[in-house]
Amino acid sequence: MLKLPPLSLYIHIPWCVQKCPYCDFNSHTLKGDIPQREYVEHLLHDLEIDAKFIGDRAIKTLFIGGGTPSLLSAESMQALMDGVRQRIHLDPQAEITMEANPGTVEADRFSGYQKAGINRISIGVQSFGDDKLITLGRIHGAEEAKRAAKLATQLNLRSFNLDLMHGLPSQTRDEGLSDLRQAIALSPPHLSWYQLTIEPNTQFGSRPPTLPDDDTLWEIYSEGHKLLTVAGYQQYETSAYAKPGFQCEHNLNYWRFGDYLGIGCGAHGKISFTDGRIMRTIKTKHPRGYMEGRYLQKSYDVDAQDRPFEYFMNRFRLLEPMPRKEFSDYTGLPESVVRDSLNEALNKGYITENEHEWQITKHGKLFLNSLLELFLDEE
């Protein structure tokens, strides 16, 4: 018997004007106009099919990612949001986020998105150095990024996020910290600040650029963390900082082992059932196949022996204490199945434990992979 966790909805828009050389997300370079109306219809049909798994459960957060969702017109976004509300129970207080590139953040369009129900935007700034933006394949400039952030402030949305990267090709300590200072000056309620990593199957993967050395990376991170803390931001996840009360509820639900429907090209989903099943879904990646009505690539049940690793792989990304009771509630397993692993983690100083909670330590964050390995293949 499982206790059903909070439920989110993720919707994927797969097109971009240009594929960035570091990007390993499911995005496809725009060739001609986006088939907006047709794709929205397919998204809603996909949602209709998956809605049978959730009954009358309320959607607590909705996230529209990509690709570049802000390539959709305000009219298409309105049609999408109207269709979502007709098919599922979207909580009236739901956090509704949309990703946007600075170059597509326009006042008229964004007030239209807001009317459709978008109450939080995540702006992909990445850097305020024009030379770095060119290296990263971005099609906006630093001034456009600042203008987009100022517009987000003026819209009086529930919140907005700036996505910022560090450890960029040939980036110095001063350049990395200058980017961060410029982001902080724009006063976003939320900042995603993460280190560039080279992923396989990307342009950078096949032709790796020269990245800063480990000492420079550590200086950028440690000095940047201090800057953020002084500015009133609290780190709550590996790469996420927020002012008090402005954490991303959607991402928190992921990391707390919550449920989510995944709709659209390549979207992943996780659904729990009261009978004890946990099902994962993966949708067809390529727009061509998806728009022929072949939405589901595969679905599978998460085996009992895989659940401890999946649970802690998510939970240990967060810096908050984790309620011990939720392990059993959301995996359907007794704590006894991970007791030996927990004891080893305690002995190594990776976590602390009290009657109600576990807490990852600074030592545990530094050796996160070693901590997670303790929970592989538990019987």
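**A walk from the core to the helix pairs**

Let's start inside: the largest nonpolar core has 66 residues, and Leu9, Ile11, Ile64 and Met77 touch the most other members. Such a core is a set of buried Ala, Val, Leu, Ile, Met, Phe, Trp, Tyr and Cys residues joined through side-chain atoms within 4.5 Å, where buried means under 20% relative accessible area (1.4 Å probe, protein chains only). Helix α5 (residues 142–154) gives the most to this core, 6 residues; helices here are DSSP runs of H or I, at least four residues, numbered from the N terminus. A second, separate core of 23 residues includes Tyr311, Leu333, Ile351 and Leu374.

A word on the model: it is predicted, so local features need pLDDT of at least 70 and side-chain atom pairs count only at pLDDT 80 or more, while totals for chains, interfaces and linings use all residues. Residues are numbered from 1 along each chain as its sequence is written, and side-chain values use heavy atoms, leaving out hydrogens and water.

Next, look at two helices side by side. The axes of α6 (residues 173–185) and α8 (residues 214–230) come within 9 Å and cross at roughly 25°; axes are lines fitted to C-alpha atoms over the stretch in contact, with angles from 0 to 180 degrees between N-to-C directions. That makes α6 roughly parallel to α8, a term for angles under 35 degrees.

Conventions: Buried means under 20% relative accessible area, exposed over 50%, partly exposed in between (1.4 Å probe, protein chains only). Angles under 35 degrees count as roughly parallel, over 145 as roughly antiparallel, 65 to 115 as roughly perpendicular and the rest as oblique.
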